[in-house]
Every structure is written in structure tokens, then in C-alpha cells.
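Trainee: Could you take me through one part of this model in close detail? I would like to look at the contact between the two chains.

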Amino acid sequence: MNELKHRLEFFSFYDHSGIEKHLGEMAEKGWLLKEIKRVTWVYRRIKPKKLHFAVTYYPNASDFDPEPQEGQMIYRDYSEYAGWKFVCQSAQMQIFYNEEEEPIPLETDPVVEVQTIHKAAKKSFLLPHFIILGLSILQAALFISRLLDDPIGLLSSTTNLSTGFCWVLLFLLCVIELCGYYRWHNKAVKAAENGEFLETHSHTLFHRMILAASVFLLVYQLINMLSTGKRMMLTIYVLLIGYMITLIAVVNAVTQFLKRKKVSRGANLAVTLIVDFALAFAMIAAITFGTLRASQSGLFHPEEDTYEYGGMTFILYQDEIPLSVGDLQDIDFDGYIRESRESESIFLGQRVVHQWPRHDTSPTVKVPSLSYTLTIIKEPALYDWCKDGLLKKRTDKAEEDGVVFSRYYKEIDATPWLAKEAYQYHFGEGILNQYLLCYEDRIIEIDFNWEPTEEQMRIVAEKLAR
Amino acid sequence: MPRPKFQTLTEQMFYILLCLKTECYGIDLFDRIAEKTNRRVTVGSGTLYNLLEQFLDAGMIREVKVEGRRRSYILTDMGKDVLAKEYQRLLLQAADYSAVFGGED
């Protein structure tokens, strides 16, 4: 029979009423809180009994204190004298229990209680929540800006969407926590003026939902990467999860080690911060450098050949592509790279394809090359937005030899392309062989290094628009 | 709107200060208040600790002895003034009551 039980608990920092009630229920089931760890709360088995719990706050305490401050110990002495036994503390939160049937509460003055909680909250609850709220608003602004600037790039990537959703979850968490706190605090101040205590409201269900959504996102991302076979992205994803776990574990271990060595609060905080930043920087650098080197050496594409050119290693991609130069014209050249990159979300699917000669092909050899981006719009409501986004993205001004040229797509006859709409790219007075083609559920942007014939346009439509 | 600090005293504040007319250890205040009020007024340990800290910060009491974690306190002149003002306020309240209901007993 297990004597210890570890539980994930979902209480807000200030939710003393919720915690007291929960601990009382656990004691009646035979479990007494022993310790609050970084992730879980640890309970020890006891004979089931009715206990009264009190959660109080000591604003000057910190997680980095090597041992309880003298004031805290005096507080505990007073409490013990009044029959309240100390259970454990977590930063500023102190938990006591009392076995008497009707004990004198630890807090008998509601004004003092509210003031103490607010003082503690200002130090360790409100500031970090406001910082995360600010960051999530900044991320939301960046997300919206990118959504307006490059809707296809954003909406076709599960990674981008998941990251955005993670920030939405953090934003919601901060809003609920901060609104919940201020709502309680304002009412508690008024109640205290009349000599009344106000209980806090728990948001445990909301916290559980946030955790469930986060786990769902992690798993969904993992499945998405496994199913699309993106070895490099999958490797980075796993490394980043490992990075987060290692960082939290190491930083926590450093703090606990320094506490055991009775290092002062300030020194502990400084060393922990330095280790945190140094480790984060070193690990991100190692992941970036490592994956870059692995990618360059073809480690993520073991089935592909590589070749050397200009002191660098290039992968000789030979991916399956829906339309190749060979489909459009007879060509006797075996030095092509065929590269296809796909991304997909619930809104959009995007496939970027290049068929280029190898870098080590002699400049004197002129071979046709082809690039195209196939965007499949799963949600029809997004069609015009994506099309307009692409047209806008390609409209700009470029300077060449001091002369400013406009670059833009101009509508052309869509009939040869069997499309709904067709556009051709213009560079000043010049016309390029780059086209934007609109079909029922997809938009194709295609770039030839030759002028396509009507027959070739029809083949493009047959190969890519179906 | 919150009241200015210590402009009026709660019953618990009043008795903590009253019991510190003579030097007393913090922990002994529980018994002293209970004795003085015949257990009518009780102060929670968290409230007692926090109020003693607030009174010290406001200069209404001062530490007399520090013996490890045992500390004794005594009322300062400022504390006596605050207590006296509260007493006057209570007297006025009592007088007002008497003026209204004085003859009914």
C-alpha cells in the first residue's frame, strides 16, 4: 500500500479557501499534505479524520530563502501555540492544520488578511502574470500582423497555428487569473470594511481545460510531424521538448542545491538566473548548430545522395513531384534536383516544388527549370483572402541601377490555363514568365525560365489543378 | 473607500495595544487578551503576528527584549495616543447611546 500520493493540483495562488477545503477533503479520505513540489503536491497516508486547514501568506518569504525567515518562525510559534500545526510552505504560502473541533481561525481580522494576501500577490503572482499577459498580447499582435501579411504561410503551418494557439491559452490563463484575483480582491476589501471575510472562487476546471488543451496540442503536433515524415522538424520538436524539461529540472536542482548549502536568497537568485540564461543560450545554440550541421550533411535525408560544390554539401533531392519539366517538354538532362516541401493544417495545404539544375552544372549549359507553389484551400471562406494576400505580397517596388520599377501581377486571359482567373507578373515594363492561377479550391503560383506555350499551359492545369 | 490606517481601531487592535501597557511577550498576548476580556475577544495567530508587525512599523509599540524568537513589546507614547483617541471615540459613542436610550433602563 502506497504511503505517499503525488497529485497535480490546479489552484490559483490566492485561492486559500479552495485549497483549505480541498485539503480538508483529502484528510477525510486519509491523505495529509506533506510537501508542495515544483510540479506535484505530495500527500502522506494518515488515519482518515476531520482536520481544519488554514492557508496564509508571508509576503517577505521567497522560494530562494535557504531556510524560513525568523519572522516566519515566530509566526509558526504563535500558530502552534494556538493549536495550528505547520504542514509546509511554498514560497509565500504557508499551510497549517488544526485538530480541534472549532479552532480559533488563524486570521480573525479580514482587513489584515486581505492586505497580507495583496502584498504577497503583488510580489509573486501579479507581476509574472502581467508580464506573460504583455508577451501574449505582443505575440497576438505579431500573429495578426503575419496573418494580414502572409495568411498562406501562417495558416498552412500546423506549427505556426499551434504556437499561436499556445499563446492564446496563456493569454486566457492570465486574463482569468488576473480578473479572478481583482474581482475577489475588490469584493474582499469591501467585505472587510464591514468586518466580513470573503471566500475565494476556484478555477480548477478552467486550469484543467488549459492543461488538456496544451497536451492535445503537443500530441497533435507530434502526430502531424510523424505523419508528414518531416524528420528535421520532428527532431527539432523532440529536442525542444527535451530542452524545456532539462532547463526546468536543472534550474530547480541548482536552486535546491544552493538552498541546502544555505546560500543567501540574493546569491541563490543571481546564480539561478545566470545558470538559467547560460543553459538556455547554450542549449538553443547547440540545437540550432547541431540541426544545421545535420541538415547540411544530409542526416535528415539518408535516402538522398549528396554532392559537394563550393566547399558545401548539397542534398540531391529526388522527390516525387506532380509536374516536372519532362511533362512539358522533351529534355535530355539528368542533373536535376527535384525538391518538394509540404505543409498542412486544418485550413490550408501548401506544396512548394522546385526543379532546378544542380549547383555544379556548368553555366554554359542552359536547361529549363521550374518552380511552383500549390496552395489548396480547405476552407472556402479563406479563398479570396489568400488570393488577395498573394497579389498584395507580390506588389512592391524594386530599384535597379537607380531606377525604380514596380512589380505586380496583372490579370490575363485565364482560358489557356483552364483557370477561373490568371495573372502574369510584371517588372516595370517587362513581363516575366511567372503566373498566378486561380482554380476551384487552389491557387497556383508558377515560375518558368522559358515562355510556356498554350499546350504547356493546358498540361499545367491538368497536372496541378486536379 | 478604505479607511486611513489606525484612525479607528478594531476591537482586536484595541486589546492588543491595551495589553501592551506593560511589557509582554508576543506569544503571551493570547492569554492576556483572553483573560482581560473573559475570552470574549480572540485574536488569531496570523492576525496577531501581522498586527504586531504593523504596530511596530507605525511606531505604536517597540521591542523591549529579543530572546531568540521570543520578543517582548511595550506601548510607545504614540501608541498610547492612538489608544486614548480610540477611548475618547468610544466614550462619545457611549454618550450618544446614553443620550438616546439613557432613561429607558
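Mentor: In this predicted model, the contact draws 22 residues from chain A and 26 residues from chain B. Together the two chains bury about 2100 Å². Of that area, 53% lies on carbon and sulfur atoms. Three residues stand out on the chain A side. Y78(A), Y81(A) and E193(A) supply 32% of the area that chain A buries against chain B.

The rule finds two salt bridges across the interface of chain A and chain B. One of them joins E70(A) to R71(B). Their closest N and O atoms are 2.9 Å apart.

Next, the elements. On the side of chain A that touches chain B, α2 (70–81) and α3 (110–149) of chain A each supply at least two residues. Helix α2(A) gives the most, with nine residues.

For context, turn to chain B itself. Seven of the nine residues of α1(B), residues 11–19, are buried, so the helix is largely enclosed by the rest of the structure. The buried ones are Q12(B), M13(B), F14(B), Y15(B), I16(B), L17(B) and C19(B). Their cover includes β1 (24–25), α2 (29–36) and α3 (45–58) of chain B. It also includes β2 (61–67), β3 (70–75) and α4 (77–101) of chain B.

Conventions. Residues are numbered from 1 along each chain as its sequence is written. Chains are lettered from A and ligands numbered from 1 in the order in which they are written. This is a predicted model: local features need pLDDT of at least 70, side-chain atom pairs count only at pLDDT 80 or more; totals for chains, interfaces and linings use all residues. Side-chain values use heavy atoms; hydrogens and water are left out. Buried means under 20% relative accessible area, exposed over 50%, partly exposed in between (1.4 Å probe, protein chains only). Helices (H or I, at least four residues) and strands (E, at least two) are DSSP runs, numbered from the N terminus. Contact means heavy atoms within 4.5 Å. Buried area is the accessible area (1.4 Å probe) that two parts lose on being put together, summed over both. A salt bridge is a side-chain nitrogen of Lys or Arg within 4 Å of a carboxyl oxygen of Asp or Glu.
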